[in-house]
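Dear colleague,

Please find below the structure that I am handing over to you. My findings follow it, and I would be grateful if you read them with the structure open.

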Amino acid sequence: MNALVLKLFNLASFVYLIVTSVFIADFMGGAMEQVYVMPAPYAFSIWGLIYLLLLWFVVKSFFADEELDRVVKGIGLWFPISMILSGTSVVVGTNPSILFIALSLLTLCVVYTIIQGLGLSSTNYRVPFSIYLGWTSIATIVAAFVAIKGNGIEEILSIGELGWAVIMLTAGGLIALAFHFLQKDYLFPLVFVWGYVAIYLYQDSALIKFITGGFAALLLIILCVNWFKTKGK
């Protein structure tokens with residue numbers, strides 16, 4: 001597909017994401033089910049940062065150098081599709097939303113993998129996608145629990161909500177750790193620190209606080225140690 005057409009499609013998809021998420025969702029949104037993985041409301045303000053970074057990427061692409069043009073062509077339609085799916089997830093209702101946000105997560109994984117495989121001279125172009133992917137990962141977990149509780153499901157495979165919350169939060173923390181070591185990415189795990197601290201502050205369960213607080217502290221320590229090691233070379 002022509003690069004200019006891709007850039008215009010990216011811009012249109014970004015506008016759709018903003019309109020649905022910032023304007024339409026405010027009128028359609030109701031109270032969310034309170035689940036064990038729900039972070040404090042302030043945590044969702046990270047969407048503001050994500051929108052700004054995506055806007056930077058979209059606008060900058062119209063004045064792109066050769067390397068950024070490679071990124072735009074490389075990620076192709078996966079990027080705008082991820083924004084369309086993300087924007088749609090907030091206006092379709094609780095049950096369908098989990099499908100849309102999960103598909104958005106999958107498309108963002110594809111986008112990130114493509115960018116990593118381009119062999120770019122700088123990691124700057126992956127910054128918006130590291131944060132976007134990190135928060136969409138957490139949002140997918142939250143959306144799944146909200147949908148399950150909203151449908152009155154109390155147990156899955158004889159495990160209750162608290163048990164699944166522990167499993168999913170542990171899995172999320174381990175994924176953030178692995179992501180850092182495998183991709184040399186500091187921002188993706190930092191998003192998990194942001195989200196887990198917000199869950200720690202919002203939830204009363206001692207077990208949830210132990211899991212989220214422990215992973216947040218562990219991630220921060222590892223990130224700081226590795227950052228200082230890198231700077232010392």
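The N-terminal end of α3 is capped by aspartate 65, which has a side-chain oxygen 3.2 Å from the backbone nitrogen of glutamate 67. Please note that the model is a predicted one.

Helix α3 covers residues 66-75, and its buried residues are Glu67, Leu68, Val71, Val72 and Ile75. Viewed down the axis of α3, these buried residues fall within an arc of 145 degrees, so they line one face of the helix. In general, an α-helix has 3.6 residues a turn, so residues three or four places apart point the same way. The face of α3 turned away from the buried side carries the exposed residues Glu66 and Lys73. After α3 comes glycine 76, with a positive phi near 50 degrees.

Helix α3 packs against helix α5 (residues 94-116) at an angle of about 140 degrees, and their axes are 9 Å apart. That angle makes α3 oblique to α5, and the crossing of the two helices is right-handed. Val71, Gly74 and Ile75 of α3 make the contact with Val111, Ile114 and Ile115 of α5.

**Two residues with positive phi**

Most residues other than glycine have a negative phi. Serine 158 has a positive phi, near 65 degrees; this serine sits in the loop between β1 (155-156) and β2 (159-160). Lysine 184, also not a glycine, has a positive phi of about 55 degrees and lies in the loop between α7 (161-183) and α8 (187-202). Serine 158 is exposed, with a relative accessible area of 65%, and lysine 184 counts as exposed at 58% relative accessibility.

Yours sincerely

Key
Residues numbered from 1 in each chain as written. Predicted model: local features only at pLDDT ≥ 70, side-chain atom pairs only at ≥ 80, totals over all residues. Heavy atoms only, no water. Buried < 20%, exposed > 50% of the residue type's maximum accessible area, 1.4 Å probe, protein only. Helix = DSSP H or I, 4+ residues; strand = E, 2+ residues; numbered from the N terminus. Arc of directions from axis to C-beta. Polar contact = N/O pair within 3.5 Å; in protein donor to acceptor, adjacent residues only side chain to side chain. Axes fitted to C-alpha atoms, helices over the stretch in contact; angles between N-to-C directions. Parallel < 35°, antiparallel > 145°, perpendicular 65-115°, else oblique. Left-handed = near helix turned anticlockwise from the far one by under 90°. Contact = heavy atoms within 4.5 Å.
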